[in-house]
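Please keep the sequence and the model open while reading.

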Amino acid sequence: MSSVSPAYPDPMTTLHCFSGDFLLVRRPPEPNRPLQAWDAADEYLIDSFAEISPRPERVLILNDQFGALTVALHANNPQNWGDSFTSRLAIEENLRLNHLPDSVAYTPSTAIPPLPAYEAILGRIPKSLAFWRQQLALLRPLLQENTVLLLAGMVKHLSSDAKEILTGLGTVEVFPVRKKALLFRVTPHKDASLLPSPPETILSLSEYSLEIGGGPNVFAREKIDEGTQLLLDQLPRMPVSSHIADLGCGNGLLGLVAKRLQPAAALYFFDESYQAVAAAEENYSRNNLSSQEPAALFSVDDGFSHYEGELFDLILCNPPFHQGHVIGDQIAWQMFTQSKRQLRPGGELWIVGNRHLNYHIKLKRIFGNCRQIAANPRFVVLSARR
Ligand SMILES: C[S@@+](CC[C@H](N)C(=O)[O-])C[C@H]1O[C@@H](n2cnc3c(N)ncnc32)[C@H](O)[C@@H]1O
């Protein structure tokens with residue numbers, strides 16, 4: 001059993017399971033809203049894993065959010081597969097917190113997990129069904145007939161198609177709802193036929209001669225977001241800049257338009273989703289920008305956490321207002337505070353957000369100033385200067 005550090009006495013942070021008691025924290029931390037770093041779907045998966053006999057040795061975990069699954073199964077050398085760099089950091093942090101080796105075997109969703117066959121696969125069903133279907137299609141060659149496949153989610157977040165999608169892998173057993181979580185067990189079947197993965201949508205921005213695509217887990221892959229559009233409409237007025245960052249870049253649309261408007265600028269794209277950064281890079285080359293100087297930088301990162309390069313003249317950002325299914329402004333807050341550190345004196349952060357999020361209050365508190373650039377009934381574009 002792992003010992004629980006007295007530095008975190010809140011029982012909300014201690015997961016009790018078959019392999020021990022473990023402290024778990026969320027990332028970024030939310031001091032004013034101590035949400036649990038796991039849910040009943042994680043517990044269902046962990047308890048069901050504990051019943052597998054003999055205990056599997058080659059285990060693959062899908063979409064672990066903050067590390068509950070990895071920490072609980074640490075003794076079974078789990079491999080991880082997912083699309084989130086912040087989840088990867090949270091998994092490492094929680095392993096460290098419990099005095100466990102923190103070298104996580106994490107395969108980004110832009111690649112295929114390395115082992116040819118797993119005895120058990122445990123996974124959280126992701127928010128995007130298109131991404132889910134892609135994961136299952138890539139998973140299928142890794143399954144053997146005796147692979148134990150356990151998948152779970154919270155009932156309120158599951159689509160009615162979840163079971164049907166799984167029948168593409170084999171026979172599906174649905175377990176009773178427990179603490180509002182649902183668990184599926186799939187017995188793989190060679191002849192099962194998966195629903196095809198949805199084709200990639202290519203968006204055209206004729207006014208900028210841009211074609212934009214992206215994988216199934218990329219934000220607004222089928223239609224430009226209304227907030228993004230309002231910020232795009234303001235970009236012809238952005239200050240002349242030599243270093244421009246697209247923070248939380250998604251498919252890279254904001255940065256690509258900025259590059260079209262200011263071809264001499266160096267562009268820097270950051271996102272915590274591996275698929276997003278891959279899409280931004282692919283879109284950059286799809287639009288024949290890769291051969292142009294100065295070269296662009298594409299980074300999978302938690303905001304600017306690991307960035308040590310040039311300060312920026314301009315940062316463009318449409319921050320997320322939820323993490324998974326949980327609505328909150330802690331990521332936006334982190335993005336704004338990090339942006340202040342990464343701007344040169346006089347440099348500007350331009351953001352767009354829903355009006356009701358009141359980002360102007362945060363920007364004023366962090367930067368001491370905030371200017372409204374544009375607004376419509378739902379969104380507002382704001383700028384703050386360092
Ligand atoms: C509202 S979307 C905006 C995407 C794109 N800029 C657009 O306007 O279409 C927010 C983006 O922030 C990314 N994101 C969320 N948390 C992040 C973090 N901690 N660091 C970097 N990017 C993050 C998400 O993956 C998502 O692509």
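Gln 338 sits in helix α9, which covers residues 330–342. Helices here are DSSP runs of H or I of at least four residues, strands are runs of E of at least two, and both are numbered from the N terminus. The model is a predicted one, in which local features need pLDDT of at least 70 and side-chain atom pairs count only at pLDDT 80 or more, while totals for chains, interfaces and linings use all residues. Residues are numbered from 1 along each chain as its sequence is written, and side-chain values use heavy atoms, with hydrogens and water left out.

With a relative accessible area of 8%, Gln 338 is buried; the term means under 20%, against over 50% for exposed and in between for partly exposed (1.4 Å probe, protein chains only). Apart from neighbours within four places in sequence, Gln 338 is in contact with Asp 302, Gly 303, Phe 304 and Ser 305, contact meaning heavy atoms within 4.5 Å.

Asp 302 also belongs to a network of salt bridges with Arg 27 and Glu 93. A salt bridge is a side-chain nitrogen of Lys or Arg within 4 Å of a carboxyl oxygen of Asp or Glu. Arg 27 is joined to Pro 28 by a cis peptide bond, with omega about -5°, and Pro 28 lies in the loop between β2 and α1.

Side chains of opposite charge can pair when their charged atoms come close. How many salt bridges does the structure hold? There are 16. In one of them, the side chains of Arg 124 and Asp 39 meet at 2.8 Å, N to O. Arg 124 is in strand β6 (residues 120–124) and Asp 39 in the loop between β2 (20–23) and α1 (40–50), so this pair ties together parts that lie 85 residues apart in sequence. Both Arg 124 and Asp 39 are buried.

Another salt bridge, at 3.8 Å from N to O, pairs the side chains of Arg 58 and Glu 119. Arg 58 comes from the loop between α1 and β3 (59–62) and Glu 119 from the loop between β5 (105–108) and β6, so the parts tied together are 61 residues apart in sequence. Arg 58 is partly exposed at a relative accessible area of 33%, and Glu 119 is partly exposed at 29%.

A further pair, Glu 348 and Arg 385, meets at 3.0 Å, N to O. This pair links distant parts of the chain, with Glu 348 in strand β18 (residues 343–354) and Arg 385 in strand β20 (residues 379–385), 37 residues apart. Glu 348 is buried at 6% relative accessibility, whereas Arg 385 is partly exposed at 44%.

In α7 (residues 253–261), 7 of the 9 residues are buried, so the helix is largely enclosed by the rest of the structure. Among the buried residues of α7 are Leu 253, Leu 256 and Lys 259. Tyr 274 lies in helix α8 (residues 274–286) and is buried at 10% relative accessibility. Not counting residues up to four places away in sequence, Tyr 274 touches a set of residues including Gly 82, Phe 85, Arg 88, Tyr 106 and Val 300.

Most residues other than glycine have a negative phi, and most peptide bonds are trans. His 99, in the loop between α3 (85–97) and β5, has a positive phi near 60° and is exposed at 60% relative accessibility. Asn 288, in the loop between α8 and β14 (297–300), also has a phi near 60°, and is exposed with a relative accessible area of 58%.

Now the whole chain. It has 10 helices and 20 strands. Its radius of gyration is 22 Å, close to the 21 Å that the globule rule gives for 386 residues, so the chain is as compact as a globular protein of that length. The radius is taken over C-alpha atoms, and the rule is 2.2 Å times the number of residues to the power 0.38. Buried residues make up 55% of the 386. Of the contacts with a separation of 6 or more, 67% are between residues 24 or more positions apart.
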